[in-house]
Amino acid sequence: MGKKVERKVRGSILNTYLAFVTKKWGRDGYRLCMSEIGLWGEFRDGNYYQDAIRENILRWIAREKGEENLRECGKYIASNLGILSWLVRFSDPKAIASKFPKNFSEIYSYGRMEADTSKDKLIVLRLYDVCRIRECCEVWLGVCEGVLESTKTKGKVEEIKCSIEGADCCEYRISY
Ligand SMILES: [Zn+2]
């Protein structure tokens, strides 16, 4: 067995989740979420933090506000991709999805992402060693929906394999 990779994420993703919480449920929602996860203070976009914080924010959203909000959070992430957002208006879904793996590895210290855009009208995203809780998979489904929405493309999104259920990866299909 190789060395165990520490599961960390950049502050930028935590800040994007929390921006979603604030947009949706205001400053009070933000404060409740932060006190619930037992943290205070600011996350710096470029610093690394324990991934457990990310999971706890998602658990809070699902438990306190309802699971349907997780997909919405994912869509919010997809439309706030920072450096990628300028691309969206000019792009088709494949152009955006093909940037994901690099974007992913800049944010997550662990796991791996693959984007297969070789098939017509189909994008396959695979996440290896990423999701450990169902809430995480739901957010990724939302990110996939966000790719369609932000490019005004009609289509559907499904997770056809899940690592939580013992598969080798979580596999998402965006067909349009
Ligand atoms: Zn999954």
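**Note on the nonpolar core and helix packing**

1. The largest nonpolar core comprises 35 residues, and within it the residues with the most contacts are Leu125, Trp140, Cys144 and Val147. The structure discussed here is a predicted model, and the points below should be read with that in mind.

2. The largest share comes from α7, which provides 8 residues. As general background, nonpolar side chains in soluble globular proteins tend to be buried together.

3. When residues up to four places away in sequence are not counted, Leu125 touches Ala97, Phe100, Met113, Ala115, Cys144 and Tyr172.

4. Phe100, a partner of Leu125, lies in helix α6 (residues 100-107). Is Phe100 buried or exposed? Phe100 counts as buried because it has 21 C-beta neighbours inside 10 Å, where the cut-off for a buried residue is 20 or more. Leaving aside residues up to four places away in sequence, Phe100 touches Met113, Ala115 and Leu125. Phe100 and Ala115 are 15 residues apart along the chain, while their C-alpha atoms are separated by 7.2 Å.

5. Turning to the helices, a packed pair is described by the angle between the two axes and the distance between them. The axes of helix α2 (residues 51-65) and helix α7 (residues 134-150) come within 9 Å and cross at roughly 85°; α2 and α7 are therefore roughly perpendicular to each other. On the α2 side the contact is made by Glu55, Leu58, Arg59 and Ala62, and on the α7 side by Glu135, Cys136 and Val139. Sorted by class, this contact of α2 with α7 has 4 nonpolar and 3 charged residues, with no polar ones.

6. Helix α2 also packs with α3, at an angle of about 135° and with the axes 8 Å apart, which means that α2 is oblique to α3. Here α2 contributes Leu58, Ile61, Ala62 and Lys65, whereas α3 contributes Asn69, Leu70 and Cys73. The residues of the contact of α2 with α3 divide into 5 nonpolar, 1 polar and 1 charged. Leu58 and Ala62 of α2 take part in the contact with α7 and also in the contact with α3.

Methods. Residues numbered from 1 in each chain as written. Predicted model: local features only at pLDDT ≥ 70, side-chain atom pairs only at ≥ 80, totals over all residues. Axes fitted to C-alpha atoms, helices over the stretch in contact; angles between N-to-C directions. Helix = DSSP H or I, 4+ residues; strand = E, 2+ residues; numbered from the N terminus. Parallel < 35°, antiparallel > 145°, perpendicular 65-115°, else oblique. Contact = placed C-beta atoms within 7 Å. Nonpolar A, V, L, I, M, F, W, Y, C, P; charged D, E, K, R; others polar. Core = buried A, V, L, I, M, F, W, Y, C linked by C-beta atoms within 7 Å. Buried ≥ 20, exposed ≤ 12 C-beta atoms within 10 Å, placed from the backbone.
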